[in-house]
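Please examine the sequence and the structure shown below. The report that follows describes the overall chain and then several individual residues.

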Amino acid sequence: MNRPSDPNRPRPTSRKLATVAAVVAFTIGLSGYFMGLLQTGASAGRIRELATLDQTPPNPSPQAPLAPRYRDLAARTLQPNHGWSSSLADLAPPPAPAEVHPLSGVELAALISRRDARRAFNGAPPSVPHPVDQNHAASCLACHGQPTRIGPITVPQLSHPPYTSCLQCHAPSGGPTSTWATLPPAMSMAVVDNTFVGLAATSTGSRAYTGAPPMLPHPTWMRQNCLSCHGEGGSSAIKTTHSSRQSCLQCHALDATLEYIPSSRSLLDVIGTLPPPPVAPVP
């Protein structure tokens, strides 16, 4: 007599496959665990073996310094920053203000006369008072790129960023090359009459109140380096007593009337009318 089969009863074949899979997974996991222990023990033994070897460092080359080992850092002094301290009380005091000696009347007149003689008008780029044979800007920057003194002569420093063509603005007063003395007088002493006068030289800057820093009496265009004129060895009669400070415009305000660039509206006030704008023809 055949018994009816239960559909929810698991088949013997599925139970056997699950048991075999569990045994295989357990065997693989157990094997991996012991293999990891063996590898860890071998690595630890290798590290202990390397630690016992004589590791005298070779002579390091100046191009590639030898890095210290981590276990030596505790007893090693920090070479570049040895003795460094962050205490504000240990910082060096700022330098004392420079002592400025006012110019005498004769010295001031000679300075103004020399300045005017090297400019076509007030505000114009100064001319080059010595022979030049310029192939690139480096020949000018060799002396004028930083404060320089040649014997009794103080070389003026650039008041603007260095550019690639100095003679584009600074015209040689005797000729373009150092051989102008051998040229005919008609070529070496060619002078073009100029009736342009320009604006008058500026005086001292105004102050907002008594004791306030004076305003700049001139525009700052091409005059970004204030110390080239007002620093030690500068070409101006006014010398600063605090050249160690970094931002001159933080205290000395600009004059808006001198920094103003004329627009079309101000041009209209000058010439009265403007030409009509061009109109494209209607297609």
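Among contacts in the protein chain (heavy atoms within 4.5 Å) between residues at least 6 apart in sequence, 56% join residues at least 24 apart. The model is predicted: local features need pLDDT of at least 70 and side-chain atom pairs count only at pLDDT 80 or more, whereas totals for chains, interfaces and linings use all residues. Residues are numbered from 1 along each chain as its sequence is written, and side-chain values use heavy atoms, with hydrogens and water left out.

The protein chain contains seven helices and two strands, arranged along the sequence as α-α-α-β-β-α-α-α-α. These elements are DSSP runs numbered from the N terminus: helices are H or I with at least four residues, and strands are E with at least two. Of the 283 residues in the protein chain, 10% are buried. Buried means under 20% relative accessible area, exposed means over 50%, and partly exposed lies in between (1.4 Å probe, protein chains only).

How is the residue Thr148 placed? Thr148 belongs to strand β1 (residues 148-150), and it counts as buried because its relative accessibility is 19%. Its side chain reaches the backbone oxygen of Gln146 at 2.9 Å. Apart from neighbours within four places in sequence, Thr148 is in contact with Cys143, Ile153, Thr154 and Val155.

Phe34 is located in helix α1 (residues 12-52), while Ala138 is found in helix α3 (residues 138-144). The C-alpha atoms of Ala138 and Tyr163 are 9.8 Å apart in space, although the two residues are 25 apart in sequence.

| Residue | Relative accessible area |
|---|---|
| Phe34 | 47% |
| Ala138 | 44% |
| Cys143 | 29% |
| Cys226 | 25% |

The cysteines deserve a separate remark. A disulfide is a covalent bond between the sulfur atoms of two cysteines; here the criterion is a pair of cysteine sulfur atoms within 2.5 Å. A search of the whole structure finds zero disulfides. The sulfur of Cys143 has its closest cysteine sulfur in Cys140, at 8.9 Å, which is too far for a bond. For Cys226, the closest cysteine sulfur is that of Cys248, at 3.9 Å, again too far for a bond.

Notes
A polar contact is a pair of N or O atoms within 3.5 Å; within protein, one must be able to donate a hydrogen and the other to accept it, and residues adjacent in sequence count only if both atoms are side-chain atoms.
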